[in-house]
Amino acid sequence: METFEAILKRRSIRRYKIKDITDKEIKRLLEAAMAAPSAHNSQPWEFVVVKDKEMRGKLSKVHSYAWMCAESPLVIVVCGDKDNIQWIEDCSAASENMLVTAAEMGLGGCWIAARGTKYSGKDDGQVIADILGIPKTLGVLCMLSFGYPDEEKAPRTQYTEDKVHWERY
Ligand SMILES: Cc1cc2nc3c(=O)[nH]c(=O)nc-3n(C[C@H](O)[C@H](O)[C@H](O)COP(=O)(O)O)c2cc1C
């Protein structure tokens, strides 16, 4: 599959088949993540790979938009060194690399909010950090749920001419 095709194929998939993702497949996702660009190539990211059902159950209850963690065989929590001023940009690039690679591998994935939201009534990233024992030096950017898709969504571009400004605004 061509990269562009995988980019269009990537959709937020929230329903998954009961089928495990192998450690080899997980490594491919993580390799894609760590191949992302980062400012000064500082690679401020760290990843918590969660397969355990009980732990995923806890993550699914963090807020009302995280329910799919309970059913997805895999959740990868993306964290970054908060002392690095561009950790959010760098970790976002790593996250998108994983989502596009998942699409290329025939997997479905979904970005689940953590940083900057208070859907739980508290700082969602902190709630996730407390569940997983993530140290205070790291910020939690997002959770990514992955699994073999049990729903179909059409690829699409969303290209909109109005969003593009040539030469100057
Ligand atoms: C920063 C960010 C936060 C998101 N948070 C959630 C979330 O908490 N739960 C969820 O189900 N989807 C979440 N999404 C997925 C979006 O709802 C989804 O990307 C958007 O509706 C477009 O659909 P598509 O991904 O299929 O193209 C999030 C996406 C981003 C980029």
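In this predicted model, a polar side-chain atom of Arg156 lies 2.8 Å from an oxygen atom of the ligand.

| Residue | Distance from a polar side-chain atom to an oxygen atom of the ligand |
|---|---|
| Arg156 | 2.8 Å |
| Arg10 | 2.9 Å |
| Arg11 | 2.9 Å |

On its own, the ligand has 620 Å² of accessible area, of which the protein covers 62%. The residues around the ligand include these arginines, Arg10, Arg11 and Arg156, together with Ser12, Arg14, His63, Tyr65 and Met68, and the run Cys110, Trp111, Ile112 and Ala113.

The strands form an open sheet of 4 members in the order β1-β2-β4-β3, and their pairing is antiparallel. At its edges stand β1, which spans 45-50, and β3, which spans 108-113, each of them pairing on one side only. Averaged over the sheet and with direction ignored, neighbouring strands are turned by 25° against each other. Between β1 and strand β2, which covers residues 74-81, the antiparallel pairing extends over 6 bridges, and within it Phe47 has Val78 of β2 as its bridge partner.

Two helices can be described in relation to these strands. Helix α2, made up of residues 23-34, packs on the sheet and touches β1, β2 and β4, with a direction that makes about 165° with that of β1. Helix α5, made up of residues 124-132, lies across β1, β2 and β4 and runs at about 75° to β4.

Is Ser145 buried or exposed? Ser145 counts as buried, because its relative accessibility is 0%, and the cut-off for that class is under 20%. Its side chain is joined to that of Tyr16 by a polar contact of 2.7 Å. When residues up to four places away in sequence are not counted, Ser145 touches Tyr16, Met68, Ser72, Leu74, Val75, Gly108, Gly109, Cys110 and Ile112. Among these contacts of Ser145 are Met68, Cys110 and Ile112, and Met68, Cys110 and Ile112 are also listed among the residues around the ligand.

Conventions:
Residues are numbered from 1 along each chain as its sequence is written. This is a predicted model: local features need pLDDT of at least 70, side-chain atom pairs count only at pLDDT 80 or more; totals for chains, interfaces and linings use all residues. Side-chain values use heavy atoms; hydrogens and water are left out. Buried means under 20% relative accessible area, exposed over 50%, partly exposed in between (1.4 Å probe, protein chains only). A polar contact is a pair of N or O atoms within 3.5 Å; within protein, one must be able to donate a hydrogen and the other to accept it, and residues adjacent in sequence count only if both atoms are side-chain atoms. Contact means heavy atoms within 4.5 Å. Two strands pair if DSSP finds at least two bridges between them. Axes are lines fitted to C-alpha atoms, for helices over the stretch in contact, and angles run from 0 to 180 degrees between N-to-C directions. A residue is near a molecule or strand if one of its heavy atoms lies within 4 Å of it. Accessible areas come from the Shrake-Rupley method with a 1.4 Å probe; for residues, only the protein chains shown count as cover.
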